[in-house]
There are 2 protein chains.
Amino acid sequence: MTDYPPELSAEEQNFIFTELKDWSIAHGLAVRPAPSFVQQSQDPAGVLATTAPVTIFPSLFPRRCFEEGLSIQKAYNELYSAIARDEDWLQGIVEELVHVDDFVAKLWQTHLAVKKTGYVQGLSLGLFRSDYMVHEDPSHSNPAPGLKQVEFNTIASSFGGLSSQVSAMHRYLLNLGAYPSSTSAIIKADALKQSQSTLQLAKGLAAGHKAYGESRCKRSLCVLFVVQDPERNVFDQRHLEYALLEEYGVRSFRLPFGKTLAYTALDEDQTLIYTPPHSPSISYEVTTIYFRAGYSPDDYVKEEDWEARLHLEKSRAIKCPSILTQLAGCKKVQQVLATPHSPHLKRFLPDDAVASRLLKTFAPIYPLDKSDAGKEARKLATDPSSSTRYVLKPQREGGGNNIYRKAIPPFLQKLPETQWPAYILMEMIEPPPLKNAIIRNGVLERGGVICELGVYGVCLWRDGSVSGEEGEILENFEAGYLLRTKGDQSEEGGVAAGFGAVDSCCLV
Amino acid sequence: MTDYPPELSAEEQNFIFTELKDWSIAHGLAVRPAPSFVQQSQDPAGVLATTAPVTIFPSLFPRRCFEEGLSIQKAYNELYSAIARDEDWLQGIVEELVHVDDFVAKLWQTHLAVKKTGYVQGLSLGLFRSDYMVHEDPSHSNPAPGLKQVEFNTIASSFGGLSSQVSAMHRYLLNLGAYPSSTSAIIKADALKQSQSTLQLAKGLAAGHKAYGESRCKRSLCVLFVVQDPERNVFDQRHLEYALLEEYGVRSFRLPFGKTLAYTALDEDQTLIYTPPHSPSISYEVTTIYFRAGYSPDDYVKEEDWEARLHLEKSRAIKCPSILTQLAGCKKVQQVLATPHSPHLKRFLPDDAVASRLLKTFAPIYPLDKSDAGKEARKLATDPSSSTRYVLKPQREGGGNNIYRKAIPPFLQKLPETQWPAYILMEMIEPPPLKNAIIRNGVLERGGVICELGVYGVCLWRDGSVSGEEGEILENFEAGYLLRTKGDQSEEGGVAAGFGAVDSCCLV
């Protein structure tokens, strides 16, 4: 497989490129162009679009790993739903972070402020994504590839809308015979996996919407997409909105996070009322708040933004996610679960067989605190000979700023030790060497790549503490996948940030 | 209805505009940007796209006219198929044109050249579009609106791929509640007509493909889209290609007309073989040639282009259209049919009831030749007081260069009389005053508009003269519609040329 994908002749490349750039626009596999490509002054109305960064070929992915990732998603949903419902446990996690992570501290304070007046909505929705890489243990002579989790996203899991389109595009290119005949034993119909992420994520939002029930005052109901503004990755989100309307008849509106207080209000019973600026005479009752903003400190530029988050959290709308669910996704949680010999996984997943399948996907993660594991981690991280097997990650959400391998010791040297606990140390996952070609802004780049598999999951649950009933899971399903591929010289993911491309799996 | 569409508040307009610009890209209702918007140097790979010029509101259209236009399309298909099969009659038409229209002359010569060696394909396919305007006779006190035909297109009838998307977009905006509530009695589900043009035109191509039969030498079969290069309106065509593959499993390739001789060859039995440049080892047998180029003299820049047309016409592939079918669409044919008291319609449509329905859609058309009707026309055209009710149109295909009303006399004065027969004189259609708002390149323009309804038709027939059998029609169906809307200050159609927008019908 080392010669996959094959080199393309100029004519082959030209053909695929032409097909790809037309198909992508015809099917909304698109992004708004970066300012470096099209300046705002050239297109003040923002009508231009371009092909989203995509791979030309579907990347090879071990079938067993793919199937395992999808089949354990329901257990992951259950795990994170259980964590989000365990406020006491989460409090212990948060208390270790509040002094080093302002963002976590603010989220927690917001949660506490809601608690003071009382949560009025017992239902919570999670549109999750568990991200993995294939790991080939370099210490084994004949390594069987396994999945290792990179992170678990509990808020604003993106690219579900584009992922379905990429897998459809690769299938189109196959059906067209666009791939060289030398690939015919590899790229074939039953090897290409269609991601159902658009439909499944929309189904999740529709489930929340339905579970909310009827309006108490006969208002029209809607789902609210709380978004960043501007948003270059808007089509990814739009595909969910369109599916929600077409497949489930559910209305949704997009609300820039910064406009929350301007266009929403709380009724006396904390019902969230949205009044669209374009039709001020009609108000909608919000059943479900889907956050595609608010996940990163960058979204909170002024104090009013925290008020807005509090305002939304207080409301009777179902939050996707709630603050507790968002906090369940912080890296500290992943770390305590994945710290060798951790007792925590068993707490949330009493079924040993299920827990052990998840455990296999954990890469060892250490805290940088004063615990025993923390002390061990500090040694590993500050020693240049061992640090090369690790990555240092900030606990907070939003990606970026990871420190890799030999850069870790000098980084820590400059950082006051009091701030070390804001990071976790994770054993590097060693993915198999792969190649692919990526198109971005019309430029084709070939080379070594690293693939990250994201498995989407939908979970809707009732938190017993609000209603005084038993907590229960109402919906729990795997919701398609994302394959994100980046050049192996870069060590960051995040397609919209300009570091990768959307891909699909060709199972081998 | 004179206050339709209503004025929009800034917020309403902003909302609709945002919805429209996102939906359009997410659904391939797009064009490549004009060079005046994005220079080639900025985007050499041509990956940028923009919303196709569209109307914000569906335009009002009389229900009876709409239904009549769709229901007579099969009769129009039959008529033009009969004309295309009547070589002797067409020859008479062409002989009147060859001295003034080089393009018609060249087409006819090409036909004769094929005839010399003999046509080997008796099947012909037409993807037609009959274009109308609503006419309110100004001489009547209470005019009942009627449809009047602007032209009948027998080659490269465009916008079928985008038209389906525009009607879907207007429906989306309705379902979203994006239109002001004051329009709710007008814009409603049963008034919005969904155009099925993409699927129906693809069905037509698939019918041709299937009727061709199997390959005599077990080659893979394909449909060939013969296209202009570059093509800004590429997504319109792509939607047909995708539907052809997805709905009917039929492969198609795009071949720039100028590359015809480079990539196609004729077998000894005139089978047309296409060898894609990206996979030179695999050859395809072409079942159907779909011309989206070659309809205008501008497509024939060098002598080789005429060789290419001859080469294709000679082949055993089904032509959509053949040269005779293309010639059947020349304005001279429309003129002789629509010349008052013309005997020709009866020749092709012996059924009086059917013929009289078509006749009602003819606007009086006069030749500018030396016949009696021609003499009358010359008087009308050169007199400034009567010329205001007329338009002067070139006989050749491709749009553009129409001369309107009071501009006609001075235009004819400058034109040598020998060239006058290259034009026909047509009574102006007087459409009802309408308003709408058009978005183009992100700029919104409101104002008075003129709408043109195009009804697509598919016809597949066997020309008896090739096989020695009876001629017969194998497929004949109406294939959706196009509403094309332009500002009423401009007097040209043609959205891609920058003079109009794609629209959909809101029946009243």
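The model is predicted: local features need pLDDT of at least 70, side-chain atom pairs count only at pLDDT 80 or more, and totals for chains, interfaces and linings use all residues. Residues are numbered from 1 along each chain as its sequence is written, chains are lettered from A and ligands numbered from 1 in the order in which they are written, and side-chain values use heavy atoms, with hydrogens and water left out. Helices (H or I, at least four residues) and strands (E, at least two) are DSSP runs, numbered from the N terminus.

**Relation of the two chains**

**The four-stranded sheet in chain A**

- Chain A has an open sheet of 4 strands in the order β13-β16-β14-β15, with antiparallel pairing; two strands pair if DSSP finds at least two bridges between them.
- At the edges of this sheet stand β13 (365–367) and β15 (403–404) of chain A, each with a single partner strand, so one side of each has no neighbour in the sheet.
- Strand β14 (residues 390–394) of chain A joins β15(A) in the antiparallel sense over 2 bridges, and A:V391 is opposite A:Y404 in β15(A).
- Two helices of chain A lie across β13, β14 and β16 of that chain: α12 (residues 331–338) runs at about 110° to β13(A), and α15 (residues 372–382) runs at about 105° to β13(A).
- These angles run from 0 to 180 degrees between N-to-C directions, with axes as lines fitted to C-alpha atoms, for helices over the stretch in contact.

**The corresponding sheet in chain B**

- In chain B, an open sheet of 4 strands has the order β13-β16-β14-β15, with antiparallel pairing.
- Its edges are β13 (365–367) and β15 (403–404) of chain B, each having a single partner strand, so one side of each is left without a neighbour in the sheet.
- Strands β14 (residues 390–394) and β16 (residues 423–427) of chain B are antiparallel and pair over 5 bridges, with B:V391 opposite B:M426 in β16(B).
- Helix α12 (residues 331–338) of chain B packs on this sheet, where it touches β13, β14 and β16 of chain B and makes about 110° with the direction of β13(B).
- Helix α15 (residues 372–382) of chain B also touches β13, β14 and β16 of chain B, at about 105° to the direction of β13(B).

**Strand β5 of chain A**

- In strand β5 (residues 123–135) of chain A, 13 of 13 residues are buried; buried means under 20% relative accessible area, exposed over 50%, and partly exposed in between (1.4 Å probe, protein chains only).
- In a regular strand the side chains alternate between the two faces of the sheet.
- Both faces of β5(A) are covered: the buried residues include A:R129, A:D131 and A:H135 on one side, and A:S130 and A:Y132 on the other.
- β5(A) runs antiparallel to strand β18 (residues 443–462) of chain A, joined by 10 bridges, and A:L127 is opposite A:V458 in β18(A).
- β5(A) also pairs in the antiparallel sense with strand β6 (residues 146–153) of chain A over 7 bridges, where A:Q149 is the bridge partner of A:Y132.

**Helix α2 of chain B**

- Helix α2 (residues 63–71) of chain B has B:C65, B:F66, B:G69 and B:L70 buried.
- Seen down the axis of α2(B), these buried residues fall within an arc of 130°, so they line one face of the helix; the arc is that of the directions from the helix axis to the C-beta atoms.

**Cysteines**

- Over all chains, 0 disulfides are found, a disulfide being a pair of cysteine sulfur atoms within 2.5 Å.
- A:C65 is in no disulfide, and the nearest cysteine sulfur, that of A:C505, is 10 Å away; A:C65 counts as buried at 5% relative accessibility.
- A:C451 is also in no disulfide, with the nearest cysteine sulfur, that of A:C505, at 7.6 Å; A:C451 counts as buried at 6% relative accessibility.

**Proline 33 of chain B**

- B:P33 is in the loop between β1 (30–31) and β2 (48–51) of chain B and counts as buried at 11% relative accessibility.
- Leaving aside neighbours within four places in sequence, B:P33 is in contact with A:L48, B:V38, B:L48, B:A49, B:T50 and B:R232.
- The C-alpha atoms of B:P33 and B:G46 are 9.0 Å apart, with the two residues 13 apart along the chain.

Terms used: Contact means heavy atoms within 4.5 Å.
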